[in-house]
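Student: I've just opened this one and could use a hand finding my way around. Can we go through it together?

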Amino acid sequence: MKKLLLLLILASAAVYAVDYDISEGSVSITSGGKYTVTGSTTENSIDIDTADDVEITLDNVSITDVESSFRINRGNVTLILVGSNTLEVWDDAGIYVGASAALTISAESTGSLTIKNFTDTGIGGRRYGTSGPITLHGGTLKIDSFGEAAIGGGMEGAAGTVTINGGTITAIS
């Protein structure tokens, strides 16, 4: 009987999708699961800090004129792009991938992501820091990084492995 009860409890521990509108406030993800972010902002950001796997869909997101837009401090993150997405950042990586993190842009991505970064890396590490691994499978990426690498490590920092398996990528640095 105890084994049956435990099996029923484990079977009911489903992963639910959570939807966020970035225009209503910053998104802080501290546990694994599936998340969708929509909306536009000039002041809010996305922060991920968990040891768990995270799947996050950006669906027509625009985060512009901010110091920091999307930070993956810790965790294995799979990113799915839907529609047209824009990150415009002044003082941090467009998508920061910390040394204890990993980013995969999924082959399921049918949308695009444009990153404009005026002082730091497009996707990857910060200045003087180390980034985790980055794997690209799909989507259309246009990255303008005026100060440092489009994809990889920041100035005087180290990059984790960058693997490109698919997608359309335009990287300007």
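Student: Is D92 buried or exposed?
Tutor: Residues are numbered from 1 along each chain as its sequence is written, and side-chain values use heavy atoms, with hydrogens and water left out. Buried means under 20% relative accessible area, exposed over 50%, and partly exposed in between (1.4 Å probe, protein chains only). D92 has a relative accessible area of 5%, so D92 is buried.

Student: Which residues does D92 touch, leaving out those up to four places away in sequence?
Tutor: Start with its place: D92 sits in the loop between β6 (84–89) and β7 (95–105); strands (E, at least two residues) and helices (H or I, at least four) are DSSP runs, numbered from the N terminus. A contact means heavy atoms within 4.5 Å. On that basis, D92 touches E67, S68, R71, N117, T119, D120, T121 and R126.

Student: Which element has the lowest mean pLDDT?
Tutor: The protein chain averages a pLDDT of 85, but pLDDT stays under 50 over residues 1–14, and the model has zero contacts beyond four places in sequence for them. Where pLDDT is low, the predicted coordinates should not be read in detail. Strand β3 (residues 33–41) has the highest mean among the elements, 97, and the lowest, 34, belongs to helix α1 (residues 2–11).

Conventions. This is a predicted model: local features need pLDDT of at least 70, side-chain atom pairs count only at pLDDT 80 or more; totals for chains, interfaces and linings use all residues. pLDDT is the predictor's confidence in each residue, from 0 to 100.
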